[in-house]
Amino acid sequence: MEEKLSSITKTLKPSPIQQLSFLAERCNAVNLAEGFPDFPAPQHIKAAAVSAITSDFNQYRHVQGICDLLVDKMKQMHGLDVDPLTDIAICCGQTEAFAATMFAIINPGDEVLLFDPSFETYATCILMAGGVPVYVALDPPYWTLDKVKLLDAFTAKTKALVLNSPHNPTGKVFNMGELEIIAECCRTKDCIAITDEVYEHIIYDNEPHISLASLPGMQNRTVITSSLSKTYSVTGWRVGWAIGPSCTASAIRNIHTKVTDSAPAPFQEAALTALRSPPEYYKSLRTEYESKRDFVFKLLCRMGFQVEFKPLGSFFIFAAIPETCKLTDVEFVEQLIKEAGVVAVPGCGFFHTKHDYDNRYIRFAFCKDDATLTSAALKMRQLVDASGRLRFL
């Protein structure tokens, strides 16, 4: 039967991040690998979901009210005018929204630019749509964008560019200067932009979240994808959206309908409550995550990691193994699991261009309860030497 599988299927591998999470469960290890919270979702949002289920919102459903609230959000945050009837597709999470966008715009052989390091899902969706991922390396340690590298990546086959900001795995927030470079390239090269903005409210140090679509000439060539998952700590609810020009949104909606029909009905109803959360909710979210970031950042610095870049967004720290350590990132993570009972993610899975540093980074997720982070710190501190550094660093 194996020979009957499609060629693209044969290239796909299990997600290493999920595999590490499974390992954490089996070993009873502290999971700082996968980017999902282990603390409760907000009570008012859970209550709305329970109410929707008991009220029998349990069948196929499109909740137009989500689109109406997203229109208000786009106007308030980015000054964008969006038509709730034509410009939005509700999907099963940001992942489906992104995949449906790829199927909507990519023809076989079309090239799609990605900034490296890059989250694994993007390339998979591009390949499944018949496209060709082309990587533009960001420069460590601050993961800066090099305009020359970006321009050199464009060819006659370039169809689209993917921008994830705030960025997974580095925590980078692309600044206005970098966004202007990207926008200029998209306009002059007639390139479509697809943004992943799931961390739009998880941003620190008073940094603003700027959507690429808000720059001059970009709204009509940008598809924004996002979801409830990260902002409201409901990664398993699978409610997301794509916002873009009406012709693109219509194509995404058609693909979504053919593949999954609708996002989970009771969670769509709960989305109405989530999206009406007051400003205080988002302020508290940022404050709490900023505190968690600072705790883990200080811990890693004290233990000997090279963490020159403090994340400005998302809930990950991308820490470098010092050059004095002879272990690769994979070997280091294996050692951390065996000796400390803490699971993190080797950085090599995010890199797709060859560099001398692509096996020197570890991603730590800090979207965890304070007790979980404290437990991880205690376990790791058992392995420090007299100087306070981890023994195998």
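Leu-228 counts as buried, because its relative accessibility is 2%; buried means under 20% relative accessible area, exposed over 50% and partly exposed in between, with a 1.4 Å probe and protein chains only. The structure is a predicted model, in which local features need pLDDT of at least 70 and side-chain atom pairs count only at pLDDT 80 or more, whereas totals for chains, interfaces and linings use all residues. Residues are numbered from 1 along each chain as its sequence is written, and side-chain values use heavy atoms, with hydrogens and water left out.

Leu-228 is located in the loop between β7 and β8. Helices (H or I, at least four residues) and strands (E, at least two) are DSSP runs numbered from the N terminus. Contact means heavy atoms within 4.5 Å. Apart from residues up to four places away in sequence, Leu-228 touches Ser-233, Val-234, Val-239, Trp-241, Phe-267, Ala-271, Ala-274 and Leu-275. Of these contacts, Val-239 is eleven residues from Leu-228 in sequence, and the C-alpha atoms of the two are 6.0 Å apart in space.

Phe-267, Ala-271, Ala-274 and Leu-275 are among the buried residues of α10. This helix (residues 265–275) is mostly covered, with ten of its eleven residues buried. The cover over the buried residues of α10 includes α3 (43–54), α4, β2, β8 and α11.

Strand β8 (residues 240–243) is joined to β2 by four bridges in the antiparallel sense, and Ala-242 in β8 is the bridge partner of Ala-89.

Strand β5 pairs in the parallel sense with β3 over four bridges and with β6 over five bridges. Val-112 has Ala-160 in β5 as its bridge partner, while Asn-164 is partnered by Asp-196 in β6. Six of the seven residues of β5 are buried.

Thr-95, Phe-98, Ala-99, Met-102 and Phe-103 in α5 meet Thr-121, Tyr-122, Cys-125, Ile-126 and Met-128 in α6.

A nonpolar core is a set of buried Ala, Val, Leu, Ile, Met, Phe, Trp, Tyr and Cys residues joined through side-chain atoms within 4.5 Å. The largest nonpolar core has 111 residues, of which Phe-115, Leu-150, Ile-182, Phe-305 and Met-380 touch the most other members. Helix α11 (residues 279–302) gives the most to this core, with eight residues. A second, separate core of 22 residues includes Met-102, Ile-106, Val-112 and Ala-129.

How values were computed: Two strands pair if DSSP finds at least two bridges between them.
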